[in-house]
Structure formats: structure tokens, C-alpha cells
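Please keep the sequence and the model in view while reading.

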Amino acid sequence: MAEERSTAPWLDLLWLLFLAGLAILPPINEPHKQIILLLLGVFQLLERAFIQHSLQRWGPTIAVLAKLVLATELISHTRDVAPIISSYWPVFFVPVTTAAIYFGPVGTLLWTTLTSAAYCSYLIPALKEFKLEWSGASELMMRVLFLYLVAMTVNRFVMDARFQVRRYQSLSETLAEANRNLQQAQAEARRAERLAALGQLSAGLAHEIRNPLAVIKGSAEILKQKLGSADEMARELSDYIYTEVNRVSALVSRFLDFARPTQLDLRPAVLADIVEKSLKAVADQGADRQVRIVREYAPDTPRVDLDEDLCEQVFTNLILNACEAMGDQGGDLKIRIFGESTEREELAVAEIEDSGPGVPAGMREQIFNPFVSTKKTGVGLGLAIVSKIVDAHGGKVTLSDSSSTSFSTAGSSSSQQQGACFRVTFPAAAAGKDAMGVV
Ligand SMILES: Nc1ncnc2c1ncn2[C@@H]1O[C@H](COP(=O)(O)OP(=O)(O)OP(=O)(O)O)[C@@H](O)[C@H]1O
Ligand SMILES: [Mg+2]
């Protein structure tokens, strides 16, 4: 249908010049002819703005119709007797080519037929005065055929140009999409680089700290035994040393877990079973007391090759975070497990969505980095470990944008944007894949 035209303004001026040329040719003193040519000129100048800004849908129809009416009128004022033989008949090329520009082949044919009918309508008064000879009829037919010929030729070029424009548009959309994907991949690569560097650093540090810690821990234990109940104060202090060193030692072990290369023991597994184990682990810690768990497990979720222990850790961390985010007042925890097909692969997807306050926009980029935490007692390793384990499986963990599901929390329902939704994807198990991997 209608399409925007982009002609240079000087082309319009040239057009006006041609109309002026017609105006000074015979019949020279015919005021109606001059007015119609002027109107055609003005309409040509305003046409583009008229079509673009008002009546977008009907603009092209009105433009062609206006030109057709003006052309028909021009014919009647350029020949007193029998306007059908007016030398100005080529003015009908104006509405016909306009239709060819704005409409498709069928529309162009219809408009050309209407234009030919308008022209041939002058036959009726002419036949009252004259007899139609064969030479006159063939001349008329030739003129009509020329109208069709020009209309269809112009329309073909216009259709070609439109096709090219559409092709370039879809090409540019594909390029923009590729560009977005590239930027996302670059951001992920930067995250992976940061993780690797921090991993190396913390591994070295933790390793160095672990040995003196073992010595301190052993010494505190011996000291505790030696002191017995002799000195209450000293015993209490050695107790503190012992428990605090234990805490630091556990922390260091967690660092090392994170920093060490992940040894995968891949076996075919059902994602829902692993998530259930994690839910049990969280329940054993009593972290889900105020939480209502909603399970949506699709039965046709593809099987995956996973290291069960490590993946249990992934979901335990995510579920614990969700429960911690909802806090004492609790809320809803939705767990969705389903299969998804992309162009390249089959995926098994798990989404953990809570009704807590969500992750602040400024933190979304960083939460997967180690030591990023907003909690008083948090270390900030949970999501870094999740990310590392999932990466090692060739999967992906993202904080999904669609954290806008409506939840009913503590008796009240709300449909505002809230909560966090973590999406974990694993490639579906492929036959003949290695069952062991090291990343
Ligand atoms: N479900 C969630 N809702 C809101 N914020 C979250 C959620 N999950 C993670 N976060 C934010 O991301 C931060 C990092 O989480 P991460 O699990 O890595 O560390 P942590 O929970 O603070 O400490 P820990 O090492 O004990 O897990 C959290 O401190 C919290 O601010
Ligand atoms: Mg955590």
C-alpha cells in the first residue's frame, strides 16, 4: 500500500516548470486551464506532507483521485469541441503514475482503468456531434494502452525498490540483533575474566591462610585441654579462639571450593529430582519456614547430564537466597522446570522466582561476582559458585528480566514489579556424550 516518497525538492520545482510550460501554450487565455494547472502544481508540492501527516491511510487514494479529477477537468477546458481529441490528454499520465507509485500492481491496474474510463467518458458528447471512424477508435485505444503501459512500467520499478527497502530493513534488524548478542557475549566474557582473576587470587590467598589456621586451631584445642577448669577466663578465651578459627577455616574452605577447578562427574539426571533435594536441604536448615512453595514441573522436560552434587549446591544457593530475600514475613517461591528449544539446541530450564524485594537495578550486573553481598553475615560467594558450576556444565544462569509476576503475599495480592527470578539453563543430554568433564 502507501509508502513514503523521498524526492529531492528541486524535482518538484522542475515539475512546476513543466506545468508553467503547459500554461503558456494554447489555449493561452483559458482561465480554467491556468487554474487547474496551478492547482495541480500546488497539490504536487503539498502532496508529500499531506500524505505523511494527515489521513495516512486514505492519503494516496485522495492524492490520485484529486489528480484524476483535475486532469479530467483540464481536458474539458483545453478543447471547445470534442475534448476527447485535446492535445492535453497525456495529463492523464499524472494520476496514473501517482497510482503506480503508491499502490501495488492490482491497485495500479484499477486506477488506470478508472483513468481510462474518465478519459473515454468524453466519447459520449463527441458521439452526439461526430461519427466514430476506425482511425479515431484505434487512436483512442492506443492512448489508453499507453496509459496502461506507462503505469505498469513505473509500478514494476516501484515494487522492485520496495522489495529492496524491505530486504535492507530486515538485514539491518538482523545486524542490530547480532550486535546486541555480541555486546551480551562481551559482557559475559568480561564477567568470566573477572571471575577467573579473582578465583586465582583467592585460591592463592586461601591456601596460604589455611596452614597457619590449622596450627592456630590445633594450638587452641591443646590450650583448652591444658587449662582444664583451672582458669575460667582463659578457658573462655581459648573457646572463642577455637570457634572463631573454625569459622574462618570453613570460610577458607568455601573460598577454595570456589577457586578450585570444577571436576564434573556427569550422569544423566532429572532436573526436578535435584531441585527437590535442594528444597529438602533448605528445609533441613529451617530457612523456608514462612515460604509457600509452588512447583510447576513440566513432565516433558528433557533429561540432562549433570554432576548431581554440584547442581544440588546450585539450587540450594538459589533457594536459600530467595528465602533470605523474603525474610521473616515469608512469601511465595515459584519453581518452574520445563524444556525449551532454541535454533541450535534443546534446553532444560529451571526458574526460581520469589516474591521478595528483588535485586536493585544497580546490582544486577555484579551479583554473580564473588564477594558481592548486601547481607550482614553474607560472604557473597553463593551466586559466584552457582555461576561457576553452571558455566562448567555449558549452561547459563541469568537474573531474568521477567521478575514481574503477580504474587499474593501475606494475604494481600499485588501485581507490581517485584521479586527476583533466576533462570538456569542446561543443554539437554545428547547421546554419546562424555560422562566425565573437567572445567
Ligand atoms: N533472590 C534474591 N532476591 C534479592 N536479592 C538477591 C537474591 N539473590 C541474591 N541477591 C543479592 O545478591 C547478593 C549476592 O548473593 P550471594 O548468594 O552471592 O551472596 P550472599 O547470599 O550475600 O552470601 P553467601 O555467600 O552466604 O551466599 C545478595 O547479597 C543479595 O543482595
Ligand atoms: Mg547466598
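A crossing of two helices is called left-handed if the near helix is turned anticlockwise from the far one by less than a right angle, and right-handed if clockwise. This is a predicted model, in which local features need pLDDT of at least 70, side-chain atom pairs count only at pLDDT 80 or more, and totals for chains, interfaces and linings use all residues. Residues are numbered from 1 along each chain as its sequence is written, while chains are lettered from A and ligands numbered from 1 in the order in which they are written.

**The chain as a whole**

The chain has eleven helices and eleven strands. Helices (H or I, at least four residues) and strands (E, at least two) are DSSP runs, numbered from the N terminus. The C-alpha atoms fill a box of roughly 140 × 45 × 45 Å, taken along the principal axes. Of the 439 residues, 27% count as buried; a buried residue has 20 or more other C-beta atoms within 10 Å of its own, with C-beta atoms placed from the backbone.

**Two helix pairs**

Two packed helices are described by the angle between their axes and the distance between the axes. Axes are lines fitted to C-alpha atoms, for helices over the stretch in contact, and angles run from 0 to 180 degrees between N-to-C directions.

| Pair | Angle | Axis distance |
|---|---|---|
| α4 (residues 93-102) and α7 (residues 134-227) | about 30 degrees | 8 Å |
| α10 (residues 308-326) and α11 (residues 382-392) | about 145 degrees | 9 Å |

Helices α4 and α7 are therefore roughly parallel to each other, a label for angles under 35 degrees. The crossing of α4 and α7 is right-handed. In this pair, F93, V96, T97, A99, A100 and I101 of α4 meet L147, V150, A151, V154, N155 and V158 of α7; two residues are in contact if their C-beta atoms, placed from the backbone, lie within 7 Å. Ten of these residues are nonpolar, two are polar and none is charged. Nonpolar covers Ala, Val, Leu, Ile, Met, Phe, Trp, Tyr, Cys and Pro, charged covers Asp, Glu, Lys and Arg, and the others, Gly among them, are polar.

Helices α10 and α11 cross in the left-handed sense. Among the residues making their contact are L310 and V314 of α10 and I385 and I389 of α11. The contact of α10 with α11 has nine nonpolar, four polar and no charged residues.

**Residue K67**

K67 lies in helix α3 (residues 59-76). K67 counts as buried because it has 25 C-beta neighbours inside 10 Å. Not counting residues up to four places away in sequence, K67 touches L40, F43, V94, P95 and T98.

How values were computed: Buried ≥ 20, exposed ≤ 12 C-beta atoms within 10 Å, placed from the backbone. Parallel < 35°, antiparallel > 145°, perpendicular 65-115°, else oblique.
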